[in-house]
Amino acid sequence: MHKLLRRLLRKHPQDLPEDTPLLAALSEVLAQQDSDRVMLERSLMLTSEELNEQNKKLRAQLEENDQVLRQHRESLSQQRALLDASPEAIFSFSPGGRLTQINRAGCQFINKEWDELKNNSGEDNLNAILNIIRNTEAFLGDIERIRANPSQVLHNAMDTNDGRHYEYHSVAILNGSEYLGRVWCFRDITEIQKQQAQLERHAFYDTLTGLPNRLLLLEKLQHALYKNERQQCKTAVIFIDLDDFKKINDTAGHGQGDNFLVSTSARLAGCLRSCDTLGRLGGDEFILIMENVQHQQEIIALLDRILHLFTTPFNIHETSYVVTASIGISLAPQDGQRPEELIRKADLAMYQAKQSGKNKFHFFDPHLERIALHRVATEQKLRNAIENNELVLHYQPKVNLATGEIVGLEALLRWQAADGKLIYPDQFIPVAESTGLIHAITRWVFNAALQKLHSWADTPMANLHLSINVSAQDFADPVFLPTVISALRATPLPHGKLEFELTESTLLDNHEQANKAISQLLLYGVEVAIDDFGTGYSSFNYLQEMRIHSLKIDRSFITELHNNPRKQAIVKSIISVGKNLGLQIVAEGVETKDEHQCLKQLDCHLGQGYLFSRPVDEASLLAFLKQRQG
Ligand SMILES: Nc1nc2c(ncn2[C@@H]2O[C@@H]3COP(=O)(O)O[C@H]4[C@@H](O)[C@H](n5cnc6c(=O)[nH]c(N)nc65)O[C@@H]4COP(=O)(O)O[C@H]3[C@H]2O)c(=O)[nH]1
């Protein structure tokens with residue numbers, strides 16, 4: 001029975017018997033109620049726990065959302081700052097063309113604020129951009145292309161009305177295949193373009209004269225060759241090199257030299273036809289491309305005009321300069337079809353013009369090329385020869401014509417090639433001189449001569465003068481004299497004397513400096529002789545000023561001397577003036593007894609030539625001297 005009923009029955013035991021069906025039913029109802037209440041309470045308890053749980057979750061969710069929102073805001077601010085930090089104008093449009101985002105540079109680009117733009121239609125926005133563009137047609141063409149294919153990426157450039165240049169990129173905003181609009185980005189490239197143009201100028205134009213440089217000349221020449229091939233015309237490549245321009249640089253300084261080059265380029269430019277191109281290769285070398293040539297006469301007329309230009313002195317800062325030009329010409333198609341080849345051949349022809357006396361022009365001749373190739377090959381072989389010690393000295397005696405006594409020797413260089421063949425100086429000295437190898441060669445000869453003079457101490461050669469040939473380039477080389485002097489300080493000459501044989505022009509070119517050098521050399525026992533006298537200026541004037549020791553009369557005056565009264569008169573006067581100046585006179589190339597006899601009668605001091613001995617190697621020389629002594 002339900003405990004509530006039992007309590008009631010205990011209080012009122014007389015009212016109801018304990019085991020009536022009513023009481024049982026009541027007890028059951030009450031028990032049921034208790035059970036329901038318990039259930040309800042439990043259920044309420046459970047719901048409240050769940051609610052608490054849910055609540056907790058919700059709160060956590062809210063916090064999470066807040067954080068996401070904060071992060072989102074932060075990321076938006078970062079994105080905004082990033083966009084604003086960009087100097088490029090960036091726009092984002094909806095598919096209908098409404099503006100969804102713009103950065104600060106974008107506002108400046110179209111000169112409007114976001115508030116003015118945010119409610120604009122797509123058309124308004126397009127017009128805002130078109131208003132600042134100069135070439136709207138091209139831009140509208142791009143818009144059309146995007147409309148036809150919205151997902152395409154676009155890249156192009158444009159000019160604005162205020163004279164600036166922009167490049168622009170436009171990409172679609174896509175969510176998978178869904179088109180959400182476009183982003184446009186405009187970059188100001190005005191400065192970059194200016195720098196590029198400047199770089200291009202440096203790459204293609206000579207900074208001093210503003211003329212096309214080698215690179216652009218090659219391009220223009222290539223273009224001219226294509227064009228003239230179609231029109232069946234000739235193209236002339238004219239290589240102009242100033243003669244002795246170095247002298248202006250050396251005497252008046254590089255600034256004056258530059259001014260001179262600028263004046264020269266202006267003069268040259270003034271005598272061209274509109275279709276000709278003038279450029280500067282560098283230094284004092286100019287190239288002129290003459291297109292559309294029908295007859296060689298047209299080229300010659302232009303060349304005459306150019307050479308004539310140089311007859312008028314150039315006045316630069318109140319100083320007057322006269323410089324001439326040597327010109328070489330190659331012609332396409334006959335001399336070649338490639339720009340580099342034509343320039344090289346014109347250069348070769350120019351070299352020929354210089355060789356044949358300067359201030360003239362020379363057309364390319366295939367023979368020149370063979371000579372040049374030979375020169376290149378010889379130069380390489382000669383370099384190897386110096387390294388491999390293939391150079392040797394031969395010696396030719398100088399004889400006292402009155403007594404027959406041998407008083408000196410001339411050292412003459414030979415190249416003993418690997419195959420044993422003897423190569424004579426006329427085959428390699430010119431190449432050595434034109435390539436600068438002569439300096440190494442002269443150094444070798446000088447050291448060898450010095451060493452010989454020492455090693456000959458106890459031989460029949462001990463008291464003989466030894467002469468070596470020194471070229472003009474060596475004498476002009478600022479390193480030459482100090483090198484010689486330092487070698488002579490380290491190893492002073494023994495009693496035998498050393499002599500340098502120089503040509504007249506070497507001494508005359510800068511006679512003051514030459515005289516100083518001669519005086520210095522004399523301090524160390526080195527005397528100077530003038531070689532090949534009579535073939536150059538043959539001026540006695542400068543001989544008075546210079547401390548020259550001897551004069552060698554060129555072989556051309558000695559050959560057949562006895563049969564030629566004119567030669568005799570010349571040789572006689574050379575001997576007489578030379579003697580008056582205290583010089584020793586040597587006759588070169590004495591081949592016959594008659595020539596010898598004649599020179600003796602003219603009272604010439606010394607003679608050298610095949611009559612006495614050919615140039616021979618050291619061993620033969622020793623044998624020869626011993627035989628004469630014995
Ligand atoms: N027909 C004929 N020729 C005679 C006679 N006597 C001598 N010769 C030649 O005449 C040249 C004299 O030398 P050079 O006038 O200084 O002329 C020299 C000199 O200018 C140059 N040379 C020689 N050795 C050197 C050197 O070591 N350095 C430099 N820079 N040049 C040198 O090469 C030139 C030629 O030298 P080589 O061939 O040895 O020719 C030598 C010699 O062999 C003769 O009676 N008849």
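1. Let's start with the ligand. Strand 14 makes the largest contribution to the shell around the ligand, with four residues. Keep in mind throughout that this is a predicted model. Strand 14 spans 406–416, and helix 15 (438–455) and strand 18 (526–533) likewise each bring at least two residues to that shell.

2. Which residues come nearest to the ligand? There are 20 residues around the ligand, and the nearest are Arg-414, Asn-469, Asp-531, Glu-591 and Tyr-610. Sorted by class, the shell has nine nonpolar, four polar and seven charged residues.

3. Asp-531 has a polar side-chain atom 2.9 Å from an oxygen atom of the ligand. With Arg-555, an N or O atom of the side chain lies 3.0 Å from a nitrogen atom of the ligand. Tyr-610 uses its backbone instead: a polar backbone atom there is 2.9 Å from an oxygen atom of the ligand. As for cover, the ligand on its own has 790 Å² of accessible area, and the protein covers 82% of that.

4. Which pocket does the ligand sit in? The ligand is in the second largest pocket.

5. Helix 12 gives the most, at eight residues. By class, the lining of the largest pocket comes out as 18 nonpolar, 13 polar and 18 charged residues.

6. Rolling a probe the size of a water molecule over the atoms shows where empty space is left. Here the count is one cavity of 30 Å³ or more, and the space in the largest cavity is about 30 Å³. Strand 1 (89–93) and helix 5 (122–130) are the elements that give two or more residues to its lining.

7. If you want to find that cavity on screen, look for Phe-91, Phe-93, Leu-99, Ile-110, Leu-117, Asn-125 and Ile-129, which line it. How many of the lining residues are nonpolar, polar or charged? Six are nonpolar, one is polar and none is charged.

8. Two backbone spots deserve a second look. Most residues other than glycine have a negative phi, and most peptide bonds are trans. The peptide bond from Ala-332 to Pro-333, though, is cis, with omega near 10 degrees. You'll find Pro-333 in the loop between strand 11 (325–332) and helix 12, and helix 12 is also the element that gives the most residues to the lining of the largest pocket.

9. The other spot is Asn-111, where phi is positive, near 60 degrees, in a residue other than glycine. Asn-111 is in the loop that runs between helix 3 (104–110) and helix 4 (114–117).

Methods. Residues are numbered from 1 along each chain as its sequence is written. This is a predicted model: local features need pLDDT of at least 70, side-chain atom pairs count only at pLDDT 80 or more; totals for chains, interfaces and linings use all residues. Side-chain values use heavy atoms; hydrogens and water are left out. On a 1 Å grid over the protein atoms alone, a cavity is a set of points where a 1.4 Å probe fits but cannot get out, and a pocket is an open set with protein on both sides within 12 Å along at least five of seven lines; lining residues have an atom within 4 Å of a point. Grid points are joined across faces, edges and corners, and a volume is the space filled by probe spheres set on the points. Ala, Val, Leu, Ile, Met, Phe, Trp, Tyr, Cys and Pro count as nonpolar, Asp, Glu, Lys and Arg as charged, and the others, Gly among them, as polar. A residue is near a molecule or strand if one of its heavy atoms lies within 4 Å of it. A polar contact is a pair of N or O atoms within 3.5 Å; within protein, one must be able to donate a hydrogen and the other to accept it, and residues adjacent in sequence count only if both atoms are side-chain atoms. Accessible areas come from the Shrake-Rupley method with a 1.4 Å probe; for residues, only the protein chains shown count as cover. A molecule sits in a cavity or pocket if more than half of its atoms lie within 2 Å of its grid points.
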